[in-house]
Amino acid sequence: MQTSRIEDVSVSSRSPNFNWVVPAAVMTGITFAGGATLCLDDLANRSEKSLSSNSEIPSEQRNTSSASEEAKSFIAGWQPDVQASEWYFDLNDRLLQLSQKEDGWKGEKSVAPSREARKAASEMISKLAHEGVERRPSIGLDYEGTFSLNWMDDKLSADLTVYEDGTYSFFATSDGRSAMADEERISEPLNGRLLSFLLG
Amino acid sequence: MDDATDLHRLIWSPDDIQEGRLLTSAFPRQDLQDAARYVSVSRTDKLNPEAEILTAQNQADKADGVNFRRDEAWSAILNCGEVRSLEDTEGNQPFAVKPEPIIGVNEAHCGISNVTSKRGRGYVNQLRALLVRAASKLRTLDEFLGEI
């Protein structure tokens with residue numbers, strides 16, 4: 001069972017406007033013995049307090065109002081009863097980092113990830129964890145503001161792209177077998193063929 | 001262009017690398033989905049380091065709030081012949097590699113394009129997976145330029 005880590009985590013990106021400290025509990029999700037539910041509003045409020053009291057962050061770099069909104073939106077997507085693999089928490093940390101990108105982050109006409117894109121990616125990550133996927137994916141941000149999950153090891157090659165409309169596409173291949181889809185819905189059960197590759 | 005030619009893919013966003021691994025985000029979907037576009041690479045036998053840096057700087061200058069940091073840029077190598085011989089799951093060879101020199105700027109510039117009629121999302125995922133697998137010698141840009 002994953003227990004909470006009571007320590008703050010510093011999150012930063014290349015953008016100077018998003019260097020802020022978020023309590024680890026906000027990003028990791030909490031599972032307690034007996035199924036006790038952590039008060040999520042308390043977590044969001046603690047996040048805001050950490051931001052306002054952190055004197056190490058220059059005032060021009062604090063973004064308290066958007067940060068607390070960000071924390072709350074991420075918290076809303078969390079499912080505290082998930083018994084998650086280790087990669088789950090690291091991946092969401094990286095998702096949070098990539099989500100701070102702004103328009104033009106990768107050159108002319110590159111697009112920042114939208115709120116819907118972030119939500120869709122978060123939901124996909126949770127779905128994979130729910131399904132018991134142990135294989136650790138990498139996560140990247142595409143030029144168009146979509147998130148992509150990759151699995152590249154000795155046996156498996158897979159690329160999955162999550163779109164802001166709540167759909168995803170993928171390709172996976174292993175041991176001479178392959179599967180591909182253009183438009184699956186995150187709200188529906190995970191594509192069975194994809195899952196067989198990720199669990200295999 | 002000879003199959004033995006190596007191609008350098010400039011990766012100037014460190015977010016396209018995670019824990020030392022190249023991500024599929026290093027190959028833009030739109031460059032593989034649009035018949036008129038291609039993935040930009042530079043042939044190493046004609047590559048000019050100053051031109052390569054200038055190209056990346058020009059891209060960064062067009063971006064809002066982004067400064068090209070040479071120490072954060074990476075290089076991946078693809079072999080021309082290997083890319084041309086890659087096959088999709090139906091046995092088609094989807095990639096063409098052609099010189100696309102930018103006169104006076106980057107004479108070594110080339111493009112890897114999807115020459116099939118397939119533009120579906122899942123197919124583009126397949127093409128990106130193929131290219132990531134074909135990429136090798138992932139190293140910092142400075143390490144790469146130091147060896148030219």
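This short talk walks through some features of a predicted model with chains A and B.

Good morning. I shall begin with two helices of chain A. Helix α4(A) covers residues 86-98, and helix α5(A) covers residues 115-130. They pack at an angle of about 175°, and their axes are 10 Å apart. Angles over 145 degrees count as roughly antiparallel, and therefore α4(A) is described as roughly antiparallel to α5(A). Which residues make the contact? On the α4(A) side they are A:Trp87, A:Tyr88, A:Leu91, A:Asn92 and A:Leu95. On the α5(A) side they include A:Arg118, A:Ala121, A:Ile125 and A:Leu128.

A:Trp87 and A:Tyr88 are both buried, and together they form an aromatic pair. A pair of aromatic rings is described by the distance of the centres and the angle of the planes. Here the values are 6.4 Å centre to centre and 70° between the planes, an edge-to-face arrangement. With A:Phe89, these two residues form one aromatic cluster. Over all chains, a search of the whole structure finds 3 aromatic pairs.

One further ring of chain A brings in chain B. B:Arg121 lies over the face of A:Tyr163, at 3.7 Å from the ring centre.

I turn now to the sheet in chain B. Strands of a sheet pair through backbone hydrogen bonds, either parallel or antiparallel. In what order do the strands of this open sheet lie? The order of its 6 strands is β6-β7-β4-β1-β5-β8, and the pairing is antiparallel. The edge strands of chain B are β6 (95-99) and β8 (136-140), each of which pairs on one side only. On average, neighbouring strands of this sheet are turned by 30° against each other, direction ignored.

Strand β5(B), residues 74-79, runs antiparallel to β8(B), and 3 bridges join the two. As one detail, B:Ile77 has B:Ser136 in β8(B) as its bridge partner.

Is B:Asn106 buried or exposed? Its relative accessibility is 2%, and residues under 20% count as buried, so B:Asn106 is buried. Leaving aside neighbours within four places in sequence, B:Asn106 is in contact with B:Ser42, B:Ala51, B:Glu52, B:Thr55 and B:Pro101. By contrast, B:Asp34 is 72 residues from B:Asn106 in sequence and 23 Å from B:Asn106 in space, C-alpha to C-alpha.

Thank you for your attention.

Terms used: Residues numbered from 1 in each chain as written. Chains lettered and ligands numbered in written order. Predicted model: local features only at pLDDT ≥ 70, side-chain atom pairs only at ≥ 80, totals over all residues. Heavy atoms only, no water. Phe/Tyr/Trp six-rings, centres within 6.5 Å; stacked < 30°, edge-to-face > 60°. Buried < 20%, exposed > 50% of the residue type's maximum accessible area, 1.4 Å probe, protein only. Lys NZ or Arg CZ within 6 Å of the ring centre and 35° of its normal. Pairing = 2+ DSSP bridges. Helix = DSSP H or I, 4+ residues; strand = E, 2+ residues; numbered from the N terminus. Axes fitted to C-alpha atoms, helices over the stretch in contact; angles between N-to-C directions. Parallel < 35°, antiparallel > 145°, perpendicular 65-115°, else oblique. Contact = heavy atoms within 4.5 Å.
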